[in-house]
Amino acid sequence: MIHTAEGVAEITDTIFDAEVLGAGLPVLVEFTADWCGPCRQLAPVLAAIAAEQAGRLKIVQIDVDHNPGTASRYAVLSMPTLMVFRDGEPVKSMVGARPKRRLLQELEDVLGTV
């Protein structure tokens, strides 16, 4: 079981298209795994951003070990990979854990247009 952050839904290959590609908001997807240490470090950061940006940004996570289809579809090789989708298309991809301030800076172009 992966460590879900508060306000961050866990999704699967089955519901990925509906939850991410069909979302009305930009969606930040964390590709994660239960063995991934940096993913655990990122959990509180994602929880904080999910709370602060509610209504502007949706944040979800998907376990690549249990949902390999989505990971291979988007050529995700490293955990954590953060991918932003807007209007059904991936518009940004970042690899590795990062502090909240840096992640918010990297998301400014996405959040600024909402």
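**Exercise 1. Describe the chain as a whole, beginning with the share of its residues that is buried.**

Solution. Of the 114 residues in the chain, 46% are buried, and it should be kept in mind from the start that the model is a predicted one. The next step is the overall extent: taken along the principal axes, the C-alpha atoms fill a box of roughly 35 × 30 × 20 Å. The radius of gyration of the chain is 13 Å, which agrees with the value near 13 Å that a compact globule with 114 residues would have. Finally, among the contacts with a separation of 6 or more, 72% are made by residues 24 or more positions apart.

**Exercise 2. State how many helices and strands the chain has, and give the order in which the elements run.**

Solution. The chain has 4 helices and 5 strands. Read from the N terminus on, these elements follow one another as β-α-β-α-β-α-β-β-α.

**Exercise 3. Work out how helix H2 and helix H4 pack, and which residues meet.**

Solution. Two packed helices are described by the angle between their axes and by the distance between those axes. For H2, which covers residues 37-52, and H4, which covers residues 100-111, the angle is about 50 degrees and the axes are 10 Å apart. This makes H2 oblique to H4, since angles of 65 to 115 degrees count as roughly perpendicular and those under 35 degrees as roughly parallel. The crossing in which H2 passes H4 is right-handed.

The residues come next: H2 brings Val 45, Leu 46, Ala 48, Ile 49 and Glu 52 to the contact, where they meet Lys 100, Leu 103 and Leu 104 of H4. Sorted by class, this contact has 6 nonpolar and 2 charged residues, with no polar ones.

Definitions and conventions: Residues numbered from 1 in each chain as written. Predicted model: local features only at pLDDT ≥ 70, side-chain atom pairs only at ≥ 80, totals over all residues. Heavy atoms only, no water. Axes fitted to C-alpha atoms, helices over the stretch in contact; angles between N-to-C directions. Helix = DSSP H or I, 4+ residues; strand = E, 2+ residues; numbered from the N terminus. Parallel < 35°, antiparallel > 145°, perpendicular 65-115°, else oblique. Left-handed = near helix turned anticlockwise from the far one by under 90°. Contact = heavy atoms within 4.5 Å. Nonpolar A, V, L, I, M, F, W, Y, C, P; charged D, E, K, R; others polar. Rg over C-alpha atoms; globule rule 2.2 N^0.38 Å. Buried < 20%, exposed > 50% of the residue type's maximum accessible area, 1.4 Å probe, protein only.
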